Amino acid sequence: MTGFTVEEQVISVLAQIYRGEVIAAAATVSADIAARLAKALYAPEIVLMAGGSMAGYDCAPTAKGLNDEWISSTGAVRGSDWIEAFDLISAGKYAICMGPVQVDRTGSCNISVLGDWQHPKVAMIGSRGIPDDMVRLSEMTFHVRKHNPRALVEQVDFRCGLGFGPDRDRLGLTMGVPRMLVTDLGVFDFDRDGAGMRVRSLHPGVSFDDVAKATGFELLPPQGTIPVTPPPSEEELYWIRERLDPLGVRRLDSPKPPPGLIAELAERERSLWTTPAGGAR
Amino acid sequence: MDKVVPLGEMASAVEPRSLVSFGGGGMVRKPMAAVAALALRETPVRLAVFLGGPDVDLMLGAGVVEQLQFAYIGLDALGLSPNFRRARESEGLPVVEWTEAMFIAGVEAATRRVPFMPTVSGPGADLMDVPGTPFRRFNCPLTGEELTAVPAIRPDVLFLHANEADREGNVRITGDGFLDPQLARAASTVFVTADRIVDRIGGSVSEHETTISRLWVSGVAEVPRGCGFTASFPDWPLDYAAAADYVSHCRDREWLRDHAGALAQGVTR
């Protein structure tokens, strides 16, 4: 791949999911920058939060840092709180891209534990809001940073979000379906009957065999030629590099982040702050 | 009514086995000085924390948690919580895993003094079916719709850190309030540490701020940067260097005791 990084490719794809008068919520760095890119170029109607802070709703698409509240709060229209956040989720006024640790062939996802829940091999972070999103939102998008057989599994160890198939049909769940998965290799979606995962497009230079090897289950066979994911446009690259992520926070999402990156970003992000910090007045 | 009390007195007011909660969320506005003072007492307690971070990690590392209820435990950009991992993976810590909306509903049940709250969340999530789950499916007596009943979360003691409080117990939080206002109404005792204590909070309160009335507050202590290395807008951005230092040492009990000792004394680095 030349001319742009895989993170920039992913951001360009994810910028297409944020549309309409909704909160643009993001659980990965790339999705966060993608929401800002959508706001800047395609969907001025979406509502950005100040780096996920409920205290700042409806921000301008400012540059991404680590302490985002210090960068974007001054441009917020109003404050909100966690009660309203879940009222908005209940009303379907949210577009979410989350970063599951495991996704399976039906689109179920897991961020809670690896192994058995009672005696976990790895205790991760808990189910968080995924079970809430899946009963009220129209759809969810997944971003998996590193496509490998540990992330793309036959069956998730613990279901935080339920994919397609008989279990979903039996429960009568129509909302919160996994609409799309974006990884460092391509763009995927899930058969509505739970038959499996399809390749929608492959990023430049990636073959079907590469993806098949990196996936822990059998992919649905492609129908005809698989398209190449459209590369980010010049305008998108300008916005990502110059306006929305001049420090390169997106490198945190790269398959191999450089060592010491967080420390470097923590130092450099101070140049972006619009709110002074450094001690109680 | 003057509610200023020393931090140490807040910690000693916590009875063994009580249900304790902490405000803030993840790496933001955690009442770390109060958490440290409590951990150093070596009194076993139960915890119910909405979005746990270094607060829960420190309590677990100190070995004083009998049971943990949570919707999230993690150190955000700094990764998984080391002492949560150890407690869950090798020490058999009893836990109740909630979803965020269910935890909020449980707290709201407590604020309204009802035993449970209905939610639409539940179906399709494995946390409904794990051993010891307190959640129950039921049919709405009015419409027949299938819902989930979640029990009330009634903390005996809540600790939270705020930007400002006054001597009478009024509290002002700048930045994300998380569930602090709701938890303050659900808890029997509410202790607040604040960067500064003023005679009286007055003037106009911004739309972006969260306030809690003294009617809900039991005691306040002035603890500048009582949030430790966690962020508290706008005064204290997250101190990534100190947080990374914590992550690399927090499994060491000796180091953690020293760290807690310094925090409880008001030293943040």
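1. Two strands are taken to pair if DSSP finds at least two bridges between them. The model discussed here is a predicted one, and on that criterion chain A holds an open sheet of 3 strands in the order 6-5-10, with mixed pairing. Its edges are formed by strand 6 (109-110) and strand 10 (152-153) of chain A, each of which pairs on one side only.

2. Within this sheet, strand 5 (residues 102-104) of chain A runs parallel to strand 10 of chain A, the two being joined over 2 bridges. Looking at individual residues, A:D104 has A:V153, in strand 10 of chain A, as its bridge partner.

3. Where does A:A43 lie in chain A? The residue sits in the loop between helix 2 (29-41) and strand 2 (49-50) of chain A. A:A43 is counted as buried because 20 other C-beta atoms lie within 10 Å, and the cut-off for that class is 20 or more. Setting aside neighbours within four places in sequence, A:A43 is in contact with A:Y18, A:R19 and A:A38. A:Q16, although 27 residues away from A:A43 in sequence, is 9.2 Å from A:A43 in space, C-alpha to C-alpha.

4. Turning to the contact between the chains, 48 residues come from chain A and 46 residues from chain B. On the side of chain B that touches chain A, the elements giving two or more residues are strand 3 (65-73), helix 4 (82-90), helix 5 (100-111), strand 10 (189-198) and helix 7 (240-249) of chain B. The residues on that side of chain B comprise 26 nonpolar, 9 polar and 11 charged.

Notes. Residues numbered from 1 in each chain as written. Chains lettered and ligands numbered in written order. Predicted model: local features only at pLDDT ≥ 70, side-chain atom pairs only at ≥ 80, totals over all residues. Helix = DSSP H or I, 4+ residues; strand = E, 2+ residues; numbered from the N terminus. Contact = placed C-beta atoms within 7 Å. Nonpolar A, V, L, I, M, F, W, Y, C, P; charged D, E, K, R; others polar. Buried ≥ 20, exposed ≤ 12 C-beta atoms within 10 Å, placed from the backbone.
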